[in-house]
Amino acid sequence: SMLMPLKSLSAPLAGPITNAANSHVYYLLGASNWTASKEEARQLGGELATINDAAEQAWVYGTFSSYGGVKRHLWIGLYDPNAAQNAVSRVERMGEFRWISGEASSYQNWSPVEPSNSAGNEQCVNIWSPNDPNAGRWNDANWTLTNLLGDPLNGVVEVDPSFRSPPVNPTEPAEVSVAARPTKIEQVVGDFDRDDARRARDPTE
């Protein structure tokens, strides 16, 4: 949402680190849920990482999954935008996931039984930690998790330095219109409330 208030964020655990293969810059975030990690990625000027090929998968996993001597699961930017529609067929289910960046990468690295959609609420994707039997492969997980089987879930941010979107200033609409239309402030607050209500229905929004 354009009117989302900025939260104060802790510094990334690692980064900026440049991947020489694509010249993109990456950060490792602190342990958090998928949605908070997504917002933090955007405030760093990027998105949760899109994995375009086996080389990028190997680089991301090798660079971040044991960073600081801690075994970590890594949130990436793959998610299911429609929580209400979940195919039973594993192959069809794979096709329901999209990259948050909007990129159309066809590369996949799912674990043998994933995406499983356990309990019907696994809409976001992590790379398994080095402690898991399927280390480095992908798993669909509940977006609210901050750790899984004892290891933290850390977002990996990817920034394309050649693409810079202008920073969003959420206070601007109210400031601009305070003198002319005092009711505009209430309108902005109303927008926040509506956005919050929508996010409660769709946590990936």
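User: In this predicted model, two strands count as paired if DSSP finds at least two bridges between them; what makes strand S1 and strand S2 a pair?

Analyst: Strand S1 (residues 14-19) and strand S2 (residues 24-31) are joined by four bridges in the antiparallel sense, and because the definition asks for at least two, they are called paired. Within this pairing, Asn19 stands opposite His24 in S2, and the two strands form a hairpin with four residues between them, where Ser23 in the turn has a positive phi of about 60°.

User: Why is Ser106 called exposed?

Analyst: The relative accessibility of Ser106 is 68%, and since exposed means over 50%, the residue falls in that class. Ser106 is found in the loop between strand S5 (98-99) and strand S6 (124-127).

User: What makes the contact of Arg93 and Asp80 a salt bridge?

Analyst: Their side chains meet at 2.7 Å, N to O, and the definition requires a distance within 4 Å, so the contact qualifies. Arg93 lies in helix H3 (residues 90-94) and Asp80 in the loop between strand S4 (73-79) and H3, so the pair ties together parts that are 13 residues apart in sequence. Asp80, Arg93 and Glu96 are also linked in a network of salt bridges.

User: How do you know whether Arg93 and Asp80 are buried or exposed?

Analyst: Arg93 has a relative accessibility of 1% and Asp80 a relative accessible area of 2%; buried means under 20%, so both residues are buried.

User: Why is Arg42 placed in the class "partly exposed"?

Analyst: Its relative accessible area is 37%, which lies between the limits of 20% and 50%, so Arg42 is partly exposed. Arg42 also forms a salt bridge with Glu47, the closest N and O atoms being 3.0 Å apart.

Technical notes:
Residues are numbered from 1 along each chain as its sequence is written. This is a predicted model: local features need pLDDT of at least 70, side-chain atom pairs count only at pLDDT 80 or more; totals for chains, interfaces and linings use all residues. Side-chain values use heavy atoms; hydrogens and water are left out. Buried means under 20% relative accessible area, exposed over 50%, partly exposed in between (1.4 Å probe, protein chains only).
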